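Please read it alongside the sequence and the coordinates shown here.

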Amino acid sequence: MSRETVVRIGVLSWLTVVWIALWGDLSVANLLAGLAVGALIMVALPLPRVPVNGRLHPLSMVELIVVATYYAIESSLQVAWFAVRPAPPPVSGVLRVYLSTKSDLVLVLCTDLLNLIPGTMVLEIDRRRCVVYVHVLDVSSDAAVDKFYRTTRRLEKLLISSFERHSEWRSSTPPPEVFP
């Protein structure tokens, strides 16, 4: 079975699960309706093809999931503390993060992870320069800013080791044409 077929089955399955969750009732009729609506969405609104190179590294992926979950829980507790503490709100700001990812897929996954961590929100992505601008809830001290950058670097490193190890990566875009 080709990678494209596996991806299509995965997307159809996900759309079906979302349909059933929206209706709140697991029944044969909802399952069939979810499959039909999912197939209609896939045909009427196709997603662009994203070139995927390299291999998935399961051990790095498990470490990525554990670390991202830890950061999300830690950040949730921090945001909750900021909400209930008897003090003014923290100083927030926008920080620029230079990433070293090579593929669009890993760049999107990195920005998605940053958005999932409470207290951060990606505002802009500059793909050409591989830069993201992130709104961070707490930039009140150098330690808080350094912690954000350490967190971002660790997530980026784990994403690269999970999806695009430099030794295995090759560009899916054709080399530029050279004219004599």
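In this predicted model, the largest nonpolar core has 25 residues, and those that touch the most other members are Leu-64, Leu-99, Val-132, Val-134, Phe-148, Leu-155 and Leu-159. Two or more residues of this core come from each of helix 3, strand 1 (93–98), helix 4, strand 3 and helix 5, and helix 5 contributes the most, with 6 residues.

**A core residue and its contacts**
- Once residues up to four places away in sequence are set aside, Leu-155 touches Leu-64, Val-67, Ala-68, Tyr-71, Leu-113 and Ile-117.

**Helix 4**
- The 13 residues of helix 4 (residues 104–116) should span 18 Å at 1.5 Å a residue, and this agrees with its end C-alpha atoms, which are 18 Å apart.
- Val-106, Leu-107, Cys-110, Thr-111, Leu-113 and Leu-114 are the buried residues of helix 4; because they cover an arc of only 155° around the axis, they lie on the same side of helix 4.
- The cover over these buried residues includes helix 3 (58–84), strand 2 (120–126), strand 3 (131–136) and helix 5 (142–163).

**Val-97 in strand 1**
- Val-97, which is placed in strand 1, counts as buried because its relative accessibility is 0%, against a cut-off of under 20%.
- Apart from neighbours within four places in sequence, Val-97 is in contact with Cys-130, Val-131, Val-132, Val-134, Phe-148, Tyr-149, Thr-152 and Arg-153.
- Although Val-97 and Tyr-149 are 52 residues apart in sequence, their C-alpha atoms are 7.7 Å apart in space.

Notes: Residues numbered from 1 in each chain as written. Predicted model: local features only at pLDDT ≥ 70, side-chain atom pairs only at ≥ 80, totals over all residues. Heavy atoms only, no water. Helix = DSSP H or I, 4+ residues; strand = E, 2+ residues; numbered from the N terminus. Expected span 1.5 Å × (residues − 1). Buried < 20%, exposed > 50% of the residue type's maximum accessible area, 1.4 Å probe, protein only. Arc of directions from axis to C-beta. Contact = heavy atoms within 4.5 Å. Core = buried A, V, L, I, M, F, W, Y, C linked by side-chain atoms within 4.5 Å.
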